[in-house]
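The following exercises concern the architecture of a single model. Each task is followed by a worked solution.

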Amino acid sequence: MPLRRRRSHYHQLTEFERGRVVGLREGGFSFRDIAESLARNVCTVHDCWQQWSREGTASRRPGSGRPRGTTEREDHRVRRMAVAHRIASAAEIRAAVGTTVTQRTVTNQLLQGQFRARRPVACIPLPPNHCRLQREWYQANWRTE
C-alpha cells in the first residue's frame with residue numbers, strides 16, 4: 001500500500017516565508033530544518049521548493065473558481081447580526097447589513113458559520129417561580145401509591 005502524503009498548506013506561507021524557503025534551500029538547508037525554523041509542515045516547504053524549481057517563482061498562484069461576492073468584513077457583519085438578533089431571518093439580516101448581497105449569500109454565510117435554522121417556540125417559557133409553585137402543587141396533590 002503506498003504511503004499517503006499529508007495535504008500541504010502551501011497557501012498559508014507569506015511571501016516573505018516563501019522567499020526564505022528558497023533562500024535557505026539554496027543555502028543547503030534540509031526541508032526539515034527549514035520547516036522547523038518557519039514552524040511549518042515539511043510538505044508545505046517541499047511544495048514551495050517544487051514550485052520554485054518548476055516555474056522559477058514562489059509566488060502564490062491565483063485561485064480558481066468564481067471570485068467572492070462579499071468581503072471578509074461583510075461576512076463578519078452577517079455573522080454578528082445573526083448572533084445579536086437570534087430570531088432574525090436571512091432577509092432581515094440582509095437588509096440590516098446594508099450591502100448589495102443576495103439573500104442566498106446571507107443564507108450560505110449563516111450555514112457556513114454553523115447558524116442553523118431554529119424552530120419557533122411552541123409556548124411561552126414559564127418563569128422559575130411559576131415552575132417551582134407548579135412542582136410543589138404536583139408533589140402535594142399527586143401521591144404515588
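**Exercise 1.** Determine what share of the contacts between residues at least 6 apart in sequence join residues at least 24 apart.

*Solution.* Contact means heavy atoms within 4.5 Å. Among the contacts in the protein chain between residues at least 6 apart, 50% join residues at least 24 apart. The model is predicted, with local features needing pLDDT of at least 70 and side-chain atom pairs counting only at pLDDT 80 or more, whereas totals for chains, interfaces and linings use all residues. Residues are numbered from 1 along each chain as its sequence is written, and side-chain values use heavy atoms, with hydrogens and water left out.

**Exercise 2.** State how many helices and strands the protein chain has, and what part of its residues is buried.

*Solution.* Helices (H or I, at least four residues) and strands (E, at least two) are DSSP runs, numbered from the N terminus. The chain has 7 helices and 0 strands, and its pattern reads α-α-α-α-α-α-α. Of the 145 residues, 21% are buried (under 20% relative accessible area; exposed is over 50%, partly exposed in between; 1.4 Å probe, protein chains only).

**Exercise 3.** Describe how H1 and H2 pack, and which residues meet.

*Solution.* The angle is about 145 degrees and the axes are 10 Å apart; axes are lines fitted to C-alpha atoms over the stretch in contact, and angles run from 0 to 180 degrees between N-to-C directions. From H1, Glu-17, Arg-20, Val-21, Leu-24 and Arg-25 meet Phe-31, Ile-34, Ser-37 and Leu-38 of H2.

**Exercise 4.** Decide whether Arg-18 is buried or exposed, and locate a backbone oxygen by its side chain.

*Solution.* Arg-18 belongs to helix H1. Its relative accessibility is 3%, so Arg-18 counts as buried. A polar atom of the Arg-18 side chain lies 2.9 Å from the backbone oxygen of Leu-13.

How values were computed. A polar contact is a pair of N or O atoms within 3.5 Å; within protein, one must be able to donate a hydrogen and the other to accept it, and residues adjacent in sequence count only if both atoms are side-chain atoms.
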